[in-house]
Amino acid sequence: MGVLLAGRWEEVDRLYMGQWTNILNPPYAAYVKQQLELASKIVTPSGANMVFLTAPCLGEPLSPNGTPWPEDSPARQAAYNDLVMQVAAEYPKTDSVVDLNAVVCPGGIYSPTYKGVTVRTADGIHFTLQAGPALAPAIMPKIVAAGRAQMARVAAKKSKKHR
C-alpha cells in the first residue's frame, strides 16, 4: 500500500514551462493532477492500494513584509486538496483519501496542538515526533481499511485462480 502526503511544494510558486506560476493556474494544476495520477499508477498495478492524505493548513509565521506567504493561501491548499479528491474519485477501487487537514485544522483553522499534544513545530509547517502517536487514532483506521480492502481483493483473485 502507498500513503502519500504532499501539497506543500505543489502550493508554492513554481517555474513551470518557463513561467513562474502556482496551483491556481489551470495548466499547472493539470500537471499536478497528472503527477498525483502517476503516483497512483506506480503503486496500484501490483495490487496495492493508494491512500492520499490531504494537505494540512499551515501556521507559518508571516513573511518579512508582514503579509502571509503566497503559498499559505487557503485557495492554493483547497486547489491541491481538490485535485487529491478528484484523483481518488477516478480510481475508487484502489485509491482513497484521508482528510488529514480536517484532523489537524478543525474548521479550517490552524492549531499547533491536537488533543493537548503539540503536533506541529514552531515553523507552523512540519509535524513533531509526538504527532504520529497522537494523530494515529484519527487517521490510521481509514489507512488500515484501505489495506484490508487490498488484502480482500488479492484473496478474491487467488480464490478465482484456484477454482
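Student: What does V154 count as at 33% relative accessibility?
Tutor: Here's the scale: buried means under 20% relative accessible area, exposed means over 50%, and partly exposed is in between, using a 1.4 Å probe and protein chains only. V154 sits at 33% relative accessibility, so this residue counts as partly exposed.

Student: And what kind of model are we looking at?
Tutor: Residues are numbered from 1 along each chain as its sequence is written, and side-chain values use heavy atoms, with hydrogens and water left out. Local features need pLDDT of at least 70, side-chain atom pairs count only at pLDDT 80 or more, and totals for chains, interfaces and linings use all residues, as this is a predicted model.

Student: Okay, back to V154. Which helix holds V154?
Tutor: Helices are DSSP runs of H or I with at least four residues, strands are runs of E with at least two, and both are numbered from the N terminus. V154 is found in helix α5.

Student: How far apart are the C-alpha atoms of V154 and G47?
Tutor: Along the chain, V154 and G47 are 107 residues apart.

Student: Let's zoom out. What pattern does the protein chain follow along the sequence?
Tutor: There are 5 helices and 7 strands in the protein chain. Of its 163 residues, 39% count as buried, and the C-alpha trace spans about 70 × 45 × 25 Å along its principal axes. Read along the sequence, the pattern is β-α-β-β-α-β-α-β-α-β-β-α.

Student: Which residue in β5 is the bridge partner of F52?
Tutor: Take the other side of F52 to start with: L4 stands opposite F52 in β4. One more bridge between these strands links L53 with V98 in β5. For F52, the bridge partner in β5 is V97.

Student: Are the two faces of β4 covered or open?
Tutor: On one side of β4 you find M50 and F52, and on the other V51 and L53.

Student: How are α2 and α3 set relative to each other?
Tutor: Helix α3 spans residues 74–90, and it packs with α2 at about 45 degrees, the axes being 10 Å apart. Under 35 degrees counts as roughly parallel, over 145 as roughly antiparallel, 65 to 115 as roughly perpendicular and the rest as oblique. So α2 and α3 are oblique.

Student: Which residues of α3 make the contact?
Tutor: On the α2 side, the contact is made by A29, V32, K33, L36 and E37. On the α3 side, the residues are Y80, L83, V84, Q86, V87 and E90.

Student: Where does M17 sit, given its positive phi?
Tutor: Most residues other than glycine have a negative phi. M17 has a phi near 55 degrees, and this residue is exposed, with a relative accessible area of 69%. Its place is in the loop between β2 (14–16) and β3 (19–21).

Student: What is the relative accessible area of K115?
Tutor: K115 also isn't a glycine, and has a positive phi of about 50 degrees. It lies in the loop between β6 (113–114) and β7 (117–118). K115 is exposed, and its relative accessible area is 72%.

Definitions and conventions: Pairing = 2+ DSSP bridges. Axes fitted to C-alpha atoms, helices over the stretch in contact; angles between N-to-C directions. Contact = heavy atoms within 4.5 Å.
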